[in-house]
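Dear colleague,

I am handing over the structure below, and I would be grateful if you could look through it before reading the notes that follow.

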Amino acid sequence: AQHLESVTDEEERAMALRAAALCERLPVIDQLLGDGLDVNRWVRSGIALHWAAWEAKADSARHLVERGADFHLRDPKHQ
């Protein structure tokens with residue numbers, strides 16, 4: 001998490017959020033969102049919540065919803 005300050009590209013930050021969700025790194029999720037990253041930022045066909053759900057990462061999914069992830073959003077490919 002200490003290296004996140006150096007990542008300024010929004011796409012890279014969104015990828016970091018996706019990775020944090022998949023690895024259930026809840027403090028990293030909080031840091032990224034606290035730094036202003038949109039919890040509903042699309043990355044590679046979905047938002048971090050989609051990725052957490054697809055990979056059965058319940059703690060991450062719950063955490064993201066508690067922080068405002070929109071569970072009504074649908075990806076255009078899988079609905």
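Leaving aside residues up to four places away in sequence, I29 touches L17, A20, A21, S60, H63 and L64. Please keep in mind that this is a predicted model. I29 lies in helix 2, and its relative accessibility is 0%, under the 20% cut-off, so it counts as buried. Although I29 and L64 are 35 residues apart along the chain, their C-alpha atoms are separated by 8.0 Å.

I29 also belongs to the largest nonpolar core, which has 17 residues, and it is among those with the most contacts inside that core, together with L17, A21, L32, L49 and L64. The elements that give two or more residues to this core are helix 1 (10-22), helix 2 (26-34), helix 3 (48-54) and helix 4 (58-66). As general background, nonpolar side chains tend to be buried together in soluble globular proteins.

How are helix 1 and helix 2 placed against each other? They pack at an angle of about 155 degrees, with their axes 8 Å apart, and since angles over 145 degrees count as roughly antiparallel, the two helices are therefore roughly antiparallel to each other. The crossing of helix 1 and helix 2 is left-handed. On the side of helix 1 the contact involves R13, A16, L17, A20 and A21, which meet V28, I29, L32 and L33 in helix 2. Sorted by class, this contact of helix 1 with helix 2 has eight nonpolar residues, one charged residue and no polar ones.

With best regards

Key: Residues are numbered from 1 along each chain as its sequence is written. This is a predicted model: local features need pLDDT of at least 70, side-chain atom pairs count only at pLDDT 80 or more; totals for chains, interfaces and linings use all residues. Side-chain values use heavy atoms; hydrogens and water are left out. A nonpolar core is a set of buried Ala, Val, Leu, Ile, Met, Phe, Trp, Tyr and Cys residues joined through side-chain atoms within 4.5 Å. Buried means under 20% relative accessible area, exposed over 50%, partly exposed in between (1.4 Å probe, protein chains only). Helices (H or I, at least four residues) and strands (E, at least two) are DSSP runs, numbered from the N terminus. Axes are lines fitted to C-alpha atoms, for helices over the stretch in contact, and angles run from 0 to 180 degrees between N-to-C directions. Angles under 35 degrees count as roughly parallel, over 145 as roughly antiparallel, 65 to 115 as roughly perpendicular and the rest as oblique. A crossing is left-handed if the near helix is turned anticlockwise from the far one by less than a right angle, and right-handed if clockwise. Contact means heavy atoms within 4.5 Å. Ala, Val, Leu, Ile, Met, Phe, Trp, Tyr, Cys and Pro count as nonpolar, Asp, Glu, Lys and Arg as charged, and the others, Gly among them, as polar.
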